[in-house]
Amino acid sequence: MIEVLDILLPLPVPPLRYLAPFDAPRGSVGARVAVPWQGRVRVGVVVGRGEVNPERAADYREALGWLDESSFLQCGACELLLEWADFTATPAGSVLAALVTTGLKVPLEHRVRAVTDVALEGLGDQDWRPAEVFAPEHLAFWRRQGLLQERVQIRPPTRRALIALRLPDEHLSGLRRVKQRKALAHLVERGPVTSAALLARAAQVPEGTVRSLVKKGYAGYASVPEIPAPLPDLPDVELPDGITGPRLSDSGSSFISGGRCLERIAYLLPTIRWDLERGAGVLILVPERNHLSATAGALARACLPVLALSGECSDAQRDRIWAEVALGDPKVLVTTYPGLLAPVRDLGRVIVLDVGSASYKLDSGPRMFAPHIARALADRLGAPIAFADVLESPEWIHDVPTNGRHRIGLPRQRLHVASVAGSANWPLGADLIRVLKQVHERDRQALLIVPRRGFSAALGCSDCGHLLMCPNCDLSLRYHQIEAQLRCHQCGHAELLPGHCPECNNHDLVAVRGPGTQWVVEELSKLLVGFPVARFDRDHRDPLDGFYCGQPGVVAGTTALLRLPPLPKLSLIGVTLLEPFLTQGDFRAEEAALRFLLSLSNLSTSGVPLTVVQVFDPDHEVLTVAGDPSEAALRRFAARILQRRRRFGYPPFGHLAQVQVRDRDRVVALQATRSVADGLRLLGGGGSVLGPAPAPVFRLQRQYVYHLLIRAETRFQLGKLVRSVRGFTGKGVRVRVDVDPQDIAEFLE
């Protein structure tokens, strides 16, 4: 029997079968290998191995060489990749590409020679030659004919540097060459330098002196090993005093709710210390880079061995961190989703911070929700998992035993709800204007959170009421006053402002209600004359250095403000309108709105700023609970949410997948969606199908969009239904499936 390997490439393909490298040490599942693929050499991961009869060996190409002696991924990661590919009906290579962004595009040193007693064109059987000097089609032909031997290894990173070629001798003697001897001695002692100019400055000699050394052959440029990439700088973050939690269980799951972000980390600190002391590594998953920096910085200040891995790291930094977590004593890896499958040594616990954050949702490829992957990894390894968030989430608290639920007291908030129903002031109501003037008078700081960027949600005619719409989508064009543009925030269409209404020819076009950051900043500048006002959103970010030095002023921005460090003199937090948070097209909208309001306490660590929330419905249940977030009130709110979830079979009482079908022809899109729905209903299998129905925005990017919601009692049932979706559609129709959707109104592009 001959050994074969199932190898996964970071491409939208299933595992591919190759012969194991001939005459090479036996590698392990999870290790990287180099394989021939479409005229080039690619790096893949071994996810399985088997054997075939010798007569079938000719059906497979041979892998070129092992790149690792042991698994490149966490134990159990290969099975997890295949499991989620199957569950989400996504090519396994796409799942690999989404979750592993390190080590699969490394530079390779590829050498070839002819097999014994064979002479090829320009290639003999004695010396190994670089593969790049031969045409790829020649290599592919020789490989198919069995005439080629190949060696592949990872090319060590190098840099071009000035090095000493020989020591001083009699030719450098004499007073006239004192500076040359000094520069050469410095180079010999200190080692390679990047350039002659740097050596001249370091040795305090003229640059011409160094050039003379190069000309005489005492120094020269060569490739030398690259200096290891520095680890990312971590901020100095102090954990709050007086917060300490018990050691969490070494099995099962736990949930820590309440408090500020840093207070929840402080509560987990004794458990993390215990894990390290017993020789277990810890994986901490965070939703965003700013949260990662603060978490890693706080743990580093607490003298824990911490590594921080995010998408913002350079390739060299990611490679170094990926290697270091597997070496030496166990460590704490704080990471966003690209580090989920990193080979943390002796992984003993998984911690997911801010588990309810929508930022965990992958917005492309398999569209997985990262905490689900974290839980599946913990289950596969038999490791305990801890979730943490300001609010207990029904989906994550449901399976946590009562003794695994821990609560930290919520920070005190001064919440004022200001009704803007019928208000003459817009977008700043009378109550918000009054406290903003007090901020100005007392030279304090304020943050205003605005639901959208731009000037307003639409531009309309003051006479006939016509709204200017996107030609590609059933959406109004957003008005950007400063740029004098109308933009669609969905498809990117942009156009200049028209001179008149296209319906009635009226020349009076006005911004309709739905103010954005530009409108709010304009009103603030009129209201607070001479007071610093900054804008912070995706389109424009004013520098905030002065504010962090204590400068008074107002910062108006989108929810991007929630990712900023706390301002030192913050006395007011304003939400210009809460309704956009309450009316999101998802069954989690109320829970997300309450989490948003409770999380505003993270914007200040000193004092208790006044929070003013403008809203049309001041008696909404979410505001009632936010105003009095006692344990009893939170329990009642959670009970009502659970009751509604149970009634409709929503998580945690069922599992969901969203199917979107779209086509440029409305009738074709509808027929295809009905075909999918009918096929799923006939298939049965314990699931139910809701729809078809037009998507909340029916036409997007010139395509008509219908959607379905698949609901099943178990993930196994849901996976079976999801895998069958594409079998019920015709050619040309675009179908996307989103397992565990976090926003059922989202366009799945």
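Predicted model: local features only at pLDDT ≥ 70, side-chain atom pairs only at ≥ 80, totals over all residues.
**Exercise 1. Count the charged side chains of the protein chain and say how far apart the centres of the two sets lie.**

Solution. The protein chain carries 88 positive and 80 negative side chains. Lys and Arg count as positive, Asp and Glu as negative; His and the chain ends are not counted. Each charge is placed at NZ of Lys, CZ of Arg, CG of Asp or CD of Glu. The centres of the two sets lie 3 Å apart.

Residues are numbered from 1 along each chain as its sequence is written, and side-chain values use heavy atoms, with hydrogens and water left out.

**Exercise 2. Describe the protein chain as a whole: its span, its surface and its buried share.**

Solution. Start with the span: along its principal axes the C-alpha trace covers about 90 × 80 × 65 Å. Next, the accessible surface (Shrake-Rupley, 1.4 Å probe) is about 34100 Å², and 50% of that belongs to carbon and sulfur atoms. Of the 749 residues, 51% count as buried. Buried means under 20% relative accessible area, with a 1.4 Å probe and protein chains only. Now take the contacts (heavy atoms within 4.5 Å). Among those with a separation of 6 or more, 71% link residues 24 or more positions apart. Finally, the chain holds 20 helices and 32 strands. These are DSSP runs, numbered from the N terminus: H or I of at least four residues for helices, E of at least two for strands.

**Exercise 3. Work out the strand order of the six-stranded sheet and explain why β18 and β25 each have a side without a neighbour.**

Solution. The sheet is open, its pairing is parallel, and the order reads β18-β28-β27-β19-β26-β25. β18 (414-419) and β25 (533-536) stand at the edges with a single partner strand each, so one side of each has no neighbour in the sheet. Two strands pair if DSSP finds at least two bridges between them. From one strand to the next, the twist averages 20°. Now look inside the sheet. β19 (residues 445-449) and β26 (residues 553-557) run parallel and are joined by five bridges. Gln 445 stands opposite Gly 553 in β26. Helix α13 (residues 517-527) packs on the sheet and touches β19, β25 and β26. Its direction makes about 175° with that of β25. Such angles run from 0 to 180 degrees between N-to-C directions, with axes fitted to C-alpha atoms, for helices over the stretch in contact.

**Exercise 4. Which strands pair with β1, and over how many bridges?**

Solution. β1 pairs antiparallel with β4 (residues 40-52) over seven bridges. Here Glu 3 stands opposite Glu 51. β1 also pairs antiparallel with β2 (residues 16-19), over four bridges. There, Val 4 faces Leu 19. Five of the seven residues of β1 (residues 2-8) are buried.

Methods:
Buried < 20%, exposed > 50% of the residue type's maximum accessible area, 1.4 Å probe, protein only.
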